[in-house]
Amino acid sequence: MDDFLKELRNNHHNFDKGKLTDYVPEEPFTFFKKWYKEAFEFQKEANAMSLSTVGADGKPSSRIVYLKELSDQGFIFFTNYQSHKGTDIEANPYVSLLFFWPELERQVRVEGRAEKIPAAESDDYFKSRPRSSQLGAWASQQSRKLVSRAKLEEKIHQLNIQFPTTVPRPENWGGYIVFAEKIEFWQGRPSRLHDRIVYELENNQWAIYRINP
Ligand SMILES: Cc1cc2nc3c(=O)[nH]c(=O)nc-3n(C[C@H](O)[C@H](O)[C@H](O)COP(=O)(O)O)c2cc1C
């Protein structure tokens with residue numbers, strides 16, 4: 001293991017797959033959509049993003065969630081509103097998102113404010129989910145202590161009986177939109193001289209600037 005770690009440490013990756021010089025649109029969503037599409041051409045799960053929150057105790061916490069929708073204002077994901085992340089967002093709506101697309105040597109970093117999406121929109125998405133996931137949303141008190149796996153499975157069994165046909169959306173499950181205030185596009189470049197382009201909202205206008213690698 002030690003040798004393996006040592007070898008990893010000495011493995012100096014050279015980034016040479018692209019550059020960020022000619023394509024800089026006036027707002028970041030067009031940019032994001034282009035990179036997002038390209039990411040899917042090269043890798044699976046390009047929609048998996050790290051979501052970082054900071055709760056009332058000031059301690060940061062990160063986990064992966066799926067980006068499910070993209071509007072011209074923000075990034076939408078779905079979760080349990082009473083989970084660890086939900087409780088954090090309740091106390092402090094400022095979050096950050098991070099996409100890492102290694103096949104393209106790119107990362108995109110988003111900072112913004114999370115807000116629950118309207119209930120009707122969460123209903124729409126919930127309806128589109130497989131029945132098993134719908135029941136799972138009812139069964140799982142996400143992030144809370146669980147006595148045993150068997151208890152969870154028993155709950156699913158009960159819910160199957162309780163909801164023989166349509167499964168309604170539990171009130172504590174739904175979407176958040178992250179209204180982006182800052183988005184950084186990072187493209188790896190040789191010799192660690194990476195390209196970093198930042199879009200930052202200033203008085204409702206996107207300021208665009210480059211930062212040091
Ligand atoms: C690839 C991947 C995708 C995930 N997508 C979601 C998701 O969209 N929503 C969600 O609530 N959890 C998702 N999870 C599980 C979360 O990472 C996390 O375990 C869960 O949301 C509980 O987080 P919390 O206790 O910090 O609130 C995903 C995990 C992985 C590995």
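This is a predicted model: local features need pLDDT of at least 70, side-chain atom pairs count only at pLDDT 80 or more; totals for chains, interfaces and linings use all residues.

S191 lies in the loop between strand 7 and strand 8. The phi of S191 is near 55 degrees, a positive value in a residue other than glycine. S191 is exposed, with 9 other C-beta atoms within 10 Å.

A second residue of this kind is E45, which is not a glycine and yet has a positive phi of about 55 degrees. E45 is found in the loop between helix 2 and strand 1 (48-54). E45 is exposed, and 11 other C-beta atoms lie within 10 Å.

Let me turn to helix 2. This helix, residues 28-42, has 15 residues and reaches 21 Å from its first C-alpha to its last, close to the 21 Å expected. Which of its residues are buried? They are P28, F31, F32 and A39. These residues cover an arc of only 95 degrees around the axis, so they sit on the same side of helix 2. What covers them includes strand 5 (94-101), strand 7 (173-187) and strand 9 (205-210). The face turned away from the buried side carries the exposed residues T30, K37 and E41.

Finally, I come to a pair of helices. Helix 5 (residues 131-139) and helix 6 (residues 149-162) pack at an angle of about 115 degrees, their axes 9 Å apart. Their crossing is right-handed. Helix 5 contributes L135, W138 and A139 to the contact, and helix 6 contributes L152, K155, I156, L159 and N160. By type, the residues of this contact divide into 6 nonpolar, 1 polar and 1 charged.

Key
Residues are numbered from 1 along each chain as its sequence is written. Helices (H or I, at least four residues) and strands (E, at least two) are DSSP runs, numbered from the N terminus. The expected span of a helix is 1.5 Å times one less than its number of residues. A residue is buried if 20 or more other C-beta atoms lie within 10 Å of its own, exposed if 12 or fewer, and partly exposed in between; C-beta atoms are placed from the backbone. The arc is that of the directions from the helix axis to the C-beta atoms. Two residues are in contact if their C-beta atoms, placed from the backbone, lie within 7 Å. Axes are lines fitted to C-alpha atoms, for helices over the stretch in contact, and angles run from 0 to 180 degrees between N-to-C directions. A crossing is left-handed if the near helix is turned anticlockwise from the far one by less than a right angle, and right-handed if clockwise. Ala, Val, Leu, Ile, Met, Phe, Trp, Tyr, Cys and Pro count as nonpolar, Asp, Glu, Lys and Arg as charged, and the others, Gly among them, as polar.
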